[in-house]
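Let's take a walk through a structure together. Have a look at it first, and then we'll go through some of its parts.

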Amino acid sequence: MKNWEKMRQNSSSKEIQFKRIKINNLIRDFFSKKGFLEMQTPTLVKCAGQEPYLTPMEVKFKNEKNEEYKGFLITSPEYSLKKLLVAGFKKIFEMARVFRSNESFGGTHNSEFTMLEWYRADSNYQKIMKDVEQLVFFLNKNINHSNYLIYQGQKIELTPPWPKITIKKAFSKYANINLDKMQNLKTFKRHIKNKSYFMDSDDWNDIFYLIFLNEIESRLPKDKPIIIYDYPLSQASLAKRKNKKSFYAERFEVYIAGLELANAFSELTDPKEQYKRFKKEQILRKKMKKSFIPIDKDLIHALELKLPPSGGIALGLERLQMLLLNIKDINDLLPFPAKQLF
Amino acid sequence: MISTTEFKKGIIIEIESQPWMVMDHQFFSPGKGSAFTRTKLKNIKTGKFVERVFKSNEQFEEIEAEYKKAVYLYSDRKNSVFLLKDNNQRIPLPLESAQDKVIYLKQNSEVELTYIDEEIISMNIPIKVDLKVIEAPPGFKGNTATGGLKKVKLETGLEINTPLFIREGDIVRINTETGEYVEKANN
């Protein structure tokens with residue numbers, strides 16, 4: 001039975017939808033009290049995100065003269081929101097519909113989902129860490145009337161501040177690996193060649209993730225959220241480097257109950273460096289036989305006009321709703337999950 | 001070869017020459033790296049469970065297993081003997097490998113044998129079995145030193161801890177994975 005049919009039969013299953021709306025309204029309250037403006041940026045764009053590991057959906061359409069255009073559905077509203085920072089908006093947020101191909105229909109993924117993004121000009125990722133702690137605490141207080149959350153039987157204390165650990169420390173603490181010494185692909189590969197989860201890969205990021213997922217993630221404390229910060233630069237294309245020669249960038253991720261909830265950084269403001277990184281990603285996309293995505297020159301132009309030092313974050317809104325409502329599978333949250341549509 | 005995207009619950013794959021059954025699998029993509037597949041695997045030789053994450057589209061050798069129903073007949077000093085249901089063939093299994101399961105089996109209890117390449121790899125027995133208590137000391141009120149438990153002997157010879165109210169002749173339900181008393185079954 002489809003979810004909308006279930007709701008028709010059993011009125012209590014409508015409750016989830018009432019609560020989702022309540023969460024969204026509370027998010028708007030939270031940001032408007034802090035002086036943020038809610039933005040609406042396009043879903044259909046000419047240049048999608050360049051991230052080599054994402055597959056945006058292509059759209060072909062025509063104007064009134066029957067001339068054909070090719071565009072993409074956004075995987076994140078980030079490029080547009082950054083242009084608005086350059087335009088002079090200081091504190092902005094958006095709940096944007098985003099689309100990603102080649103992901104599963106259900107579990108923690110759905111082809112279409114909502115990205116809650118917010119940006120602060122004249123700021124950095126540390127301020128964003130505080131925002132996300134306060135937001136989740138505030139929402140849970142209003143939805144579950146408590147300082148903690150119970151998710152799938154696990155009690156999670158949400159009172160800020162949350163535990164924080166650098167990715168470098170997490171690797172040394174839980175996997176006994178000094179990431180500083182693993183910057184070279186060959187050394188890294190040699191180090192883990194006897195692990196049963198490692199088949200073979202020539203991608204530094206794959207090896208990084210295989211270790212992270214098999215040896216670190218499951219050992220992270222679960223009774224509180226955790227913020228992991230300062231990721232390798234190769235996984236932070238739009239983030240500011242820690243310092244000129246650093247291997248790491250000012251990026252953080254939020255995990256709650258093992259669920260990756262949000263990804264944030266201090267924004268890269270250097271147009272030349274950004275162009276170089278986009279080029280590199282374009283080449284990597286080609287190598288991985290992914291679709292060609294033009295570089296968003298408009299964004300580079302915006303950076304040339306000067307983006308103030310800024311912090312920004314992308315948070316999977318449905319995952320947050322799942323956490324707050326104790327729902328394990330996104331197919332039980334959405335009224336029309338992709339699995340029931342296609 | 002089978003790819004992670006074709007994983008189904010119950011298929012058996014080979015990792016480092018060991019047969020692992022896929023108990024659970026989930027796709028996920030962190031966005032900053034390739035897509036991955038989280039799995040829960042059970043080594044069907046040893047019964048050991050592990051959680052592993054593989055890169056999506058990783059290829060594995062799939063192992064074809066065959067499952068045959070059999071009933072338990074008896075054990076002697078060396079072997080436990082089973083009877084295959086479809087052809088009445090008698091199958092002796094060495095006591096040392098079968099014993100930890102046989103202690104839950106009465107005569108004629110049904111089991112499932114897993115074959116890989118004609119060789120028996122494992123035996124599946126029901127998760128819960130009902131067994132009769134053949135010896136039980138009387139339960140005394142106020143005997144809390146053992147947490148309100150006492151040791152009883154079951155018809156298969158197995159000894160387990162039960163609550164004090166269990167008496168000789170009762171039927172008790174046992175979890176064969178934990179070896180623990182679950183409840184008193186209806187006679």
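Which strands of chain B does helix α1 (residues 95-102) of chain B lie across? Helix α1 of chain B lies across β7 (66-75), β8, β9 and β11 of chain B, and runs at about 100 degrees to β9(B).

Some ground rules before we go on. This is a predicted model, where local features need pLDDT of at least 70 and side-chain atom pairs count only at pLDDT 80 or more, while totals for chains, interfaces and linings use all residues. Residues are numbered from 1 along each chain as its sequence is written, and chains are lettered from A and ligands numbered from 1 in the order in which they are written.

Helices (H or I, at least four residues) and strands (E, at least two) are DSSP runs, numbered from the N terminus. Contact asks for C-beta atoms, placed from the backbone, within 7 Å. Angles run from 0 to 180 degrees between N-to-C directions, with axes fitted to C-alpha atoms, for helices over the stretch in contact.

Now for the sheet in chain B. Five strands form an open sheet in the order β9-β8-β7-β10-β11, with antiparallel pairing (strands pair if DSSP finds at least two bridges between them). At the edges sit β9 (90-94) and β11 (119-124) of chain B, each pairing on one side only. From one strand to the next, the twist averages 40 degrees. Strand β8 (residues 79-84) of chain B is joined to β9(B) by five bridges, and the two run antiparallel. B:Phe82 stands opposite B:Ile91 in β9(B).

Over in chain A, α2(A) and α10(A) make a helix pair. Their axes come within 11 Å and cross at roughly 120 degrees. The two helices are therefore oblique to each other (angles under 35 degrees count as roughly parallel, over 145 as roughly antiparallel, 65 to 115 as roughly perpendicular and the rest as oblique). Here is who meets whom:

| Helix | Residues of the helix | Residues in the contact |
|---|---|---|
| α2(A) | 15-33 | A:Ile16, A:Lys19, A:Arg20 and A:Ile23 |
| α10(A) | 317-325 | A:Gln321, A:Leu324 and A:Leu325 |

Finally, the two chains touch. The contact takes 22 residues from chain A and 18 residues from chain B. On the chain A side, the largest share, seven residues, comes from helix α7 (residues 204-216) of chain A.

Terms used: Contact = placed C-beta atoms within 7 Å.
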